[in-house]
Amino acid sequence: MKDLTTEQAMRYSRHILLSDFDLERQEALVNCSVLVIGVGGLGCAASQYLTASGVGHLTLVDDDKVELTNLQRQVLHTEKSVGANKVDSAQLALQQINSEVNITTLCLRPSEKQLDELIAKQDVVLDCTDNLESRNRINQICYRQSIPLVSGAAIRMEGQILCIDPRQQSACYACVSHFFGEQNLSCVESGVMSPLVGIIGAMQALEAIKLVTHYGKPLCNRLHLYDAMQATWSEFKVTRQQDCQVCGSKAKL
């Protein structure tokens with residue numbers, strides 16, 4: 001584990017000044033590995049705050065290229081990025097924020113085996129994908145690997161965030177996702193307000209930092225919904241389902 005340098009202590013001093021955060025927690029952050037799956041609206045917002053906060057190793061996974069319609073909300077990409085791989089565009093922007101962060105990019109849609117191997121190397125995973133199938137798949141692998149997961153979603157004027165910590169045997173994403181039915185809309189069909197993805201993505205980064213540094217109370221067993229139209233947050237208790245096929249008695253190992 002690397003110790004903080006004097007320069008790093010100065011750079012992250014506003015973290016270190018926080019009550020009970022201290023040098024050790026910043027060192028944990030500087031030495032951690034974080035996986036961000038999806039470098040769209042949520043992933044751009046989350047990864048820039050993780051980079052600025054000083055995570056040691058950041059891995060970005062996305063197989064898409066930057067399109068003109070992405071620029072409305074995916075803040076790491078610029079007009080010159082159109083046509084480029086999203087992970088390459090994001091890496092370029094993030095390196096200008098913090099050159100000390102080791103950034104790995106994977107421009108692919110990982111197979112089950114690839115995702116399994118990748119997640120096993122992380123301290124925390126951020127699900128910034130845009131479909132229910134991917135969220136359920138990532139949740140299952142994270143729970144099997146006992147790797148904390150921060151799941152976020154945003155569409156129209158609505159956002160949601162939930163933390164899953166298998167180390168604490170928390171409820172998992174599958175415990176709530178079955179309530180969502182088969183609806184699988186995306187921003188293409190329904191639209192999304194630009195700052196909304198920034199709000200949820202920033203929250204994902206915050207929760208990831210809390211999980212890595214054991215600081216504060218993460219959003220485990222609590223689903224937070226944000227209604228941007230009314231500017232209100234709602235919290236719902238998430239109970240671990242005994243018959244859940246991911247975290248319950250019917251879990252498939």
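Me: Why is C107 called partly exposed?

Reply: In this predicted model, C107 has a relative accessibility of 36%. Buried would require under 20% and exposed over 50%, so a value in between is called partly exposed.

Me: How do you know that the sulfur of C107 is too far from the closest cysteine sulfur for a bond?

Reply: The closest cysteine sulfur belongs to C44, and the separation is 14 Å. A disulfide requires two cysteine sulfur atoms within 2.5 Å, so C107 and C44 are too far apart for a bond. A search of the whole structure finds 0 disulfides.

Me: What is the nearest cysteine sulfur to that of C172, and how far away is it?

Reply: The nearest is that of C244, at 3.6 Å. Since the cut-off is 2.5 Å, C172 is in no disulfide.

Me: What makes C172 count as buried?

Reply: The relative accessibility of C172 is 0%, and buried means under 20%, so the term applies to C172.

Me: Why is N70 also called buried?

Reply: N70 has a relative accessible area of 6%. This value falls under the limit of 20%, so N70 is buried. N70 lies in the loop between β2 and α5. Leaving aside residues up to four places away in sequence, N70 touches K65 and K86.

Me: How do you know that β7 and β8 pair?

Reply: Pairing requires at least two bridges. β7 (residues 222–227) and β8 (residues 232–237) have 6 bridges, in the antiparallel sense, so the two strands pair. In one of these bridges, L225 is partnered by S234 of β8. The two strands form a hairpin with 4 residues between them.

Definitions and conventions: Residues are numbered from 1 along each chain as its sequence is written. This is a predicted model: local features need pLDDT of at least 70, side-chain atom pairs count only at pLDDT 80 or more; totals for chains, interfaces and linings use all residues. Side-chain values use heavy atoms; hydrogens and water are left out. Buried means under 20% relative accessible area, exposed over 50%, partly exposed in between (1.4 Å probe, protein chains only). Contact means heavy atoms within 4.5 Å.
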